[in-house]
Amino acid sequence: MRMRPTAQSAGQQLEGEQQAAELRAELDELLRASRYASQRERRLNEAIRATPGRQRPEGELLRQLAQARTLREGLGIRCRQLSDQLEALEMRLRHVQQEPRQQDPEQQDLGQQEPRHQEPLRPGPRRPEPRQQHRRAEPAPPPTPARPDIGALTERITTLHRSGARTEATELIDQAAARLAPADTALLVGMLARYGPTGASLRLARGTARSAPEHAVAVLAELRELGLAEEAAELFHAFWSYPAASVPGLLSALERAGQNADGATLLWEWGSAPTAELTSLAACLQQHDRPGDVRTLLRQAAGRPTADLAALSTELPPALATALLRELAALRPPVEIVRLAAALDSTGSRELYGQLLAALLADEARHRTTLAALRAAGLPTTPPAAPRSRWGRR
């Protein structure tokens, strides 16, 4: 005999559905408030960008922007919390609905003799679902730090500087660059640009480059959003001093932030770096599986003087040297290709010379002029024969 849900189970089901409806209504209200806060933040950003000429944005606008951003972030956190609660409640409701259907008649007969305990849906201790148990096993996230008073911090830096304690003011700026969130850092930069000591805003922007790439790129985006072009340029120029091992991470952060043009500009700058540093960066990019960046870097390096290119091709790993020679064969004029081939031939780099020649012969019709120039210079235009094995004949 198949059992029907008890009156108590039906009441719990109705109560749970009512709670879910209340959570949905509250979530809808918070989402509308979050959209309003986002619109206000966007309008304030537009007002700051509309500042005429090169005047600094008004401090009041920056404070209002900080308040709007704080409100939006708080509403977003609360929306996520409600969404998780609603999802967990709906999962429990589905479990209550499906549990009687999954019992067979024998289990239900046993259930009549030994009634199963059904979990109440009222507030109180509950047996967590498997997904909730997994969440509780994770360590609790650290508490959200209090948002700093940007105005008070600006005043303190300015007071220290005016009183002659410039070392203390500089240390405070460096601490802010390392500890503040990207949005707060950008707001402090704006306040220092208007009210702080000369150069303080530039130092703060430049100092954030010493933090993690993700953080520094986020600060760069916030500075541009506030229209602080001079400080944003100062931070971006500080990226040029990154060691080769850190550049792949920086390029990845710029890529995720949608700043691909900045990544291309960095590679363009690195294209004129000393040979040893350029070689190190190319190897790092190859290790991080970024072939597109490797090709961009080698294309930029293809514009270096011929002597540098000969030295660079000998120092690069074999695969990268081959890629560089292919770029040179495609980009450089015949007279410069002849100079490069002569430099490789004079240094005894027969393998590299053969790779350059192979790149030219791969499209012989296109490189007819270059091949003729090589013959006129007395350089070979046929690939060297592969060494024959002593066991080739029997």
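## Helices α13 and α15

In this predicted model, helix α13 (residues 275-287) and helix α15 (residues 306-315) pack at an angle of about 40°, and their axes lie 10 Å apart. Angles under 35 degrees count as roughly parallel and those from 65 to 115 as roughly perpendicular, with oblique for the values between these two ranges. The two helices are therefore oblique to each other. The crossing in which α13 passes α15 is right-handed. On the α13 side the contact is made by Thr275, Ala276, Leu278 and Thr279, and on the α15 side by Ala311, Leu312 and Glu315. Sorted by class, the residues of this contact are 4 nonpolar, 2 polar and 1 charged.

One of the contact residues can be followed further. Thr275 belongs to helix α13. Is Thr275 buried or exposed? Its relative accessible area is 16%, and buried means under 20%, so Thr275 is buried. Apart from residues up to four places away in sequence, Thr275 touches Arg304, Ala311, Leu312 and Glu315. Ala311, Leu312 and Glu315 are also the residues that α15 brings to the helix contact.

Asp289 sits in the loop between α13 and α14 (291-301). What is the phi of Asp289? Its phi is positive, at about 55°, although Asp289 is not a glycine. Asp289 has a relative accessibility of 63%, and the cut-off for exposed is over 50%, so this residue counts as exposed.

## Helices α9 and α11

Two packed helices are described by the angle between their axes and the distance between the axes. For helix α9 (residues 213-225) and helix α11 (residues 247-256), the angle is about 45° and the axes are 9 Å apart. That angle makes α9 oblique to α11. α9 passes α11 in a right-handed crossing.

Which residues make the contact? From α9 they are Pro213, Glu214, Val217 and Leu220, and from α11 they are Gly249, Leu250, Ala253, Leu254 and Arg256. The classes in this contact are 6 nonpolar, 1 polar and 2 charged residues. An α-helix has 3.6 residues a turn, so residues three or four places apart point the same way.

How many of the residues of α8 are buried? The helix is mostly covered, with 6 of its 8 residues buried. These are Ala200, Ser201, Leu202, Leu204, Ala205 and Gly207.

Thr208 lies in the loop between α8 (200-207) and α9. Its relative accessible area is 0%, so Thr208 is buried. Leaving out neighbours within four places in sequence, Thr208 is in contact with Ala177, Thr185, Ala216, Val219 and Leu235.

## Aromatic rings

A pair of aromatic rings is described by the distance of the centres and the angle of the planes. The model has 3 aromatic pairs by the rule used here. One of them joins Phe236 and Trp240, with 6.2 Å from centre to centre and 80° between the planes, an edge-to-face arrangement. How do these two residues stand in terms of burial: buried, partly exposed or exposed? Phe236 has 8% relative accessibility and counts as buried. Trp240, with a relative accessible area of 33%, is partly exposed.

Another pair consists of Phe239 and Tyr242. The ring centres are 5.6 Å apart and the planes stand at 80°. Planes over 60 degrees apart count as edge-to-face, so the pair of Phe239 and Tyr242 is edge-to-face. Both Phe239 and Tyr242 are buried. Phe236, Phe239, Trp240 and Tyr242 together form one aromatic cluster.

## Ala362

Ala362 is in the loop between α18 (350-361) and α19 (368-376). At 69% relative accessibility, Ala362 counts as exposed. Where does Arg326 lie relative to Ala362? The two are 36 residues apart along the chain, and their C-alpha atoms are separated by 9.9 Å.

Note on methods. Residues numbered from 1 in each chain as written. Predicted model: local features only at pLDDT ≥ 70, side-chain atom pairs only at ≥ 80, totals over all residues. Heavy atoms only, no water. Helix = DSSP H or I, 4+ residues; strand = E, 2+ residues; numbered from the N terminus. Buried < 20%, exposed > 50% of the residue type's maximum accessible area, 1.4 Å probe, protein only. Contact = heavy atoms within 4.5 Å. Phe/Tyr/Trp six-rings, centres within 6.5 Å; stacked < 30°, edge-to-face > 60°. Axes fitted to C-alpha atoms, helices over the stretch in contact; angles between N-to-C directions. Parallel < 35°, antiparallel > 145°, perpendicular 65-115°, else oblique. Left-handed = near helix turned anticlockwise from the far one by under 90°. Nonpolar A, V, L, I, M, F, W, Y, C, P; charged D, E, K, R; others polar.
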